[in-house]
Amino acid sequence: MRAFGSLFLLAVLPAVFAVKTEDFKTCSQAAFCRRGRAISERASQHPNWRSPYSVTPESLGISADQASFTAAVKSSLYPEVNFGLDVRIHEDGVVRVRMDEINGRSKRYDEAASWALTAEPEISRNIQWTVGKDEVRAVYGSQKDIEVVIFFNPLKVVMYRGGTEQVVLNGLGLLHMEHFRTKETSQPLADIPEEGFDPEDVQRVMQTPNPRAWFEGDEEDGYWEETFRSWTDSKPKGPQSLSIDISFPNHGHVYGIPQHATRLSLPTTAGEDSYYTEPYRLWNSDVFEYQADSTMSLYGSIPVMHAHSPNSTVAIFNAIASDTFIDIAHPDTTSSYTHWISESGILDVFMLPGPTPGDIFAQYTRLTGTPALPAHWALGYHQCRWNYVSSEDVRTVQKRFDEEDIPVDVFWLDIEYAEEHKYFIWDKKNFPDPNEMTNDVAALARKMVVIIDPHLKRVSTYPVYKEATELDVLVKQKNGESEYEGWCWSGSSAWVDFFNPKSWDWWKLLFKTVQSSGDQYAWTDSTNDVYIWNDMNEPSVFNGPEISMPRDNVHYGGWEHRDVHNINGMLFSNQTAQAVMARTETPMRPFVLTRSFYAGSQRFGAMWTGDNLGTWEHMAVGIKMVLSLNIAGFSFSGSDVGGFFGNPEPEMLVRWYHVGAFSPFFRAHAHIDTKRREPFLLDEPYKSIIRDILRLRYSMLPIWYTAFREASVNGMPVIRPHYVVFPHDEAGFAIDDQFFVGSSGLLVKPVTAKGVTEATVYLPEDEVYYDYFTHHAYRGSANGKDVTLPAALHQVPLLIRGGSILPTRERPRRSSPLMKHDPFTLRVALSKAGSARGELYLDDGVTFSHREGQFVWREFKAEKQGKTVRLSSKDLGTQYPSQAVDGVALAKYDRTNTFSESITSVKVEKLVILGLSGKPSRVRLSGGGDLEWSYAAGIVASDTKEGVASVLIIKNPVASIISDWEIVIELEGHRRLETDQTLSILASQHAHDIAPSDLGEDASPERHDEDSSVTYSDLSTQEQDAPRSSTKQDTQASSVTLQPVLDHIAKPSKEEDWEEDPTIEENMRNLVVRRPSRGRRGIRRTWTHGVFDPLATAPANYIDPESPESPNGKNVGK
């Protein structure tokens, strides 16, 4: 919300910016919720409670292809009312359960799923329904371990896995679909039998003139009219609410149903000692300065819930668009029961069988779509406030960022850019040159984002409103004819009805930056570097009930606003995204930020968590909210850095930038009444700390973009809570203050409290984790372990999981597009087993050409083979073309595609390997020469100690980012000589049968290696005198041993001395040497990085074993 100059709006807006809970209904103030909760209360009081709904067995129908099961459903409360049940199983195992009133007096809203789903799901043709006396069932799945059973009387639907209940619909008997009726005949009928209790007990329990009162209560509570504060809802269709209990009898944690400011593992609202007393609400609402711990509904609604246990993860998606309240209870620590109460709509529940979190994400996003792959620049830093007041203000802000070397990608304009808040129309007094201003920003590869709200100022001189009126695409009053008028930033306003198909093409044409041949308005005062912010799209109406539209307003198709409210905002951002794509001949990836959202909104852009406060509590809960959104499919999300309201102290602002840097969407925003707080305005050291935070974010953009590619393909969240990564670790199921970034292995725990200097991070596994900045190695344990990390103001607790490879770009730039040709650094964090893996995905970042195969997708691996570690880069596109990109399954992939060829010059400039088990003796490019490297000894990955890890840095490996390559790291103790190298040793008589004349400069060690014909073997693993074949035709070699000779050389007393000292000739032990037929006497001792090499020069610290300084001092040969 924002302050507003209009006297009228000052009268209708709150005088003080603070959440006014009295503006929004509680369950007790919503008649349908009162009725639904009352059913639950009555059921809890009677142990013999029984649902009045049952399947009519003789009505069963199974389609010829076994794809679906249908049946008639009756309620003993109203036997004259007909309901229909439809159960079908999708190809991926998802079960869809639909129930609707048949041939009623009116039609229930049944289109919510059609807006959320990407397409009608494919039904399995491999299902065999088995009809029994009391139920119908189907067993399916690759292991035949999933079973769906529909019990007839009472109606109950159960999903089993391995014989264990996973999801149960109507297990508590709370199902109730209020049928359509007329007001005159709505009184109870005396001859309807009373059911729901034990027949012998029913008369004793309840004697009432209303035989339905045991279930529905005695009164018609708010059936036909309802008043909230000064507004009256006419309810022309009467009662039509839907109640359903959904149980997870073997899952102790539930997550999801965003958007709420609460913990990730949802606290209880019902039962003994419940954490909250109010149910969670899904009703998209404009709530400014919302509470940081509440079930209160906020700006968006995604009716998806995950249930998790150590054994499995399941989920449900309840495709409902009306006002919905949800109670949660945990009868014990291993079970969860929920009660969903909605104002209108049909029962349309999708049961997702899992059994893993990854399976759930795939199943859900196959229904509603994966997150869109955003433009690469959209992952950079966004600078916003309400408001930058002029063109020159924007230019000045950009200049200051550049003067202070602070990166930024996007500048934003809030509502004050628009003349009288008529969106698309610039205030030419303050923004006289909008296109030139945008071009100045774009000259440094940056973008602008401008706000377009859904309310249109109702004046005939405003071309957008005028055209909408002429086209008849505005929302109507309850009579279905007159245009609805409400108040918002523009004053007297109307709202486009995006449910009306006639609005879609018209809306797209508004965003054209050149005038078409017709006379329709086009936004010619705009460029293709301007992107869009959709705010206030709940919709927010300042003088409406609950700051929104009246529920009896009418949309296209005759549907009331109550039926479609939670979908409304999604359609607005959907059409805006389509418009941005359509404004150029070659569609560009849109960027549209939305405040209101629904299931499926992830397909169209980003969202933020709304009007938060500059408090530590809001900073902390913002992380939990974004995690909840990620598991609900909406990965591109974040909270306003610094808080929209208030003036955070520098310490808080710095910490908030750390939170933002590890959020998928990273924007700083502030209210018009706050002090300016752009990073360049801060004093030192805060300014420099934030500069470093932003540079860290930019260096990690390859990691973020790669994570978004994965999300766009399989729905895996961009940031992942603990239970997603470690689904069997019960200690982490409720953790929501630390998280992983994609599959990268990055584990971060932002500090969200004042005065913190260290932080506790939970490590769930027996693996090594490395501090990203200091390389300190921390050890987890199989039972989980807390470790303490330094967390001074300039530090964020950030760990790399052992076994990960991170691609980064370390050269600071002004904006992300300028990094396109920068080289990469690869951080290789070795696991305890000595291996690691990572991915990198690149494309042009702006078009949809990746769907035509224009991309680079690489896999990096580190593999340990004895005393050798091999680092490699391989192409993934050719291996998995159908899994490479969103929106299309490629049949094949050409790795020499145009985009790949455009970045052939991009190299890997540095590799940093952590936890290596010893000092290398040689580092080389396979098939190439030796590489420049440096090594610092330290803790090794396979050890059990903690401390600073060993670090190997390889510089300029001449490795292209688009090519296959392999780097070989030979550790000390590994001896190899190339075929053109020679070893001549004059041996003493101790060398068994080796005479001085038997050795010559053609003698060399034997080794079998992938890229060399030379052979080598270790005598510790095979017979010393086993024959060896020579690789040279003019030699006749046989195995010999130098063991007695080398016994004269001093041996270190400790194994670690052997690892660290490259000058000890003990390194030459256990070699097999060829005996050539002829040769020359002599000895040549030479070294390279500690490797015995006949062509190199001895190091300065080499001690000849013959010299007096030698530990042996014995003459072994000259």
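User: Where is Pro355 found?

Analyst: Keep in mind that this is a predicted model. As for the place, Pro355 is in the loop between strand 21 (347-352) and helix 6 (357-368).

User: Is Gln66 buried or exposed?

Analyst: Gln66 is in the loop between strand 2 (61-62) and strand 3 (68-75). Its phi is near 65 degrees, a positive value in a residue other than glycine. Buried means under 20% relative accessible area. Gln66 has 18%, so the word for it is buried.

User: And what is the relative accessible area of His421?

Analyst: His421 also has a positive phi, near 60 degrees, and isn't a glycine. You'll find His421 in the loop between strand 23 (410-413) and helix 8 (434-442). His421 counts as buried, and its relative accessible area is 8%.

User: On to the rings: what kind of pair do Phe401 and Phe680 make?

Analyst: The structure holds 55 aromatic pairs. For Phe401 and Phe680, the ring centres are 5.2 Å apart and the planes sit at 85 degrees; angles over 60 count as edge-to-face, so this pair is edge-to-face.

User: How many residues apart are Phe401 and Phe680?

Analyst: Phe401 is in helix 7 (residues 391-403), while Phe680 is in the loop between strand 32 (667-668) and helix 14 (686-699). Both of these Phe residues are buried. The pair links distant parts of the chain, and the separation is 279 residues.

User: What about Trp507 and Phe511, what kind of pair is that?

Analyst: Both Trp507 and Phe511 are buried. Ring pairs link them into a cluster whose members include Tyr417, Trp506 and Phe572. The centres of the Trp507 and Phe511 rings are 5.6 Å apart and their planes are at 65 degrees, so the pair is edge-to-face.

User: Which residue lies over the face of Trp412?

Analyst: There are a couple of charge-over-ring contacts to look at. Arg263 lies over the face of Tyr275, with 4.6 Å to the ring centre. For Trp412, the distance to the ring centre is 4.7 Å, and the residue is Arg667.

User: Now the largest pocket: which element gives the most to its lining?

Analyst: The largest pocket has a volume of about 640 Å³ and is lined by 22 residues. The elements giving two or more residues to that lining are helix 2 (31-44), strand 19 (324-329) and strand 20 (336-342). With five residues, the top contributor is helix 2.

User: Which residues lie nearest the centre of that pocket?

Analyst: By class, the lining of the largest pocket has nine nonpolar, eight polar and five charged residues. Those nearest the centre are Ser40, Ser44, Ala270, Gly271 and Ala329.

Technical notes: Residues numbered from 1 in each chain as written. Predicted model: local features only at pLDDT ≥ 70, side-chain atom pairs only at ≥ 80, totals over all residues. Heavy atoms only, no water. Helix = DSSP H or I, 4+ residues; strand = E, 2+ residues; numbered from the N terminus. Buried < 20%, exposed > 50% of the residue type's maximum accessible area, 1.4 Å probe, protein only. Phe/Tyr/Trp six-rings, centres within 6.5 Å; stacked < 30°, edge-to-face > 60°. Lys NZ or Arg CZ within 6 Å of the ring centre and 35° of its normal. 1 Å grid on protein atoms, 1.4 Å probe; cavity = no way out; pocket = protein on both sides within 12 Å on 5 of 7 lines; lining within 4 Å. Points joined across faces, edges and corners; volume = space filled by probe spheres on them. Nonpolar A, V, L, I, M, F, W, Y, C, P; charged D, E, K, R; others polar.
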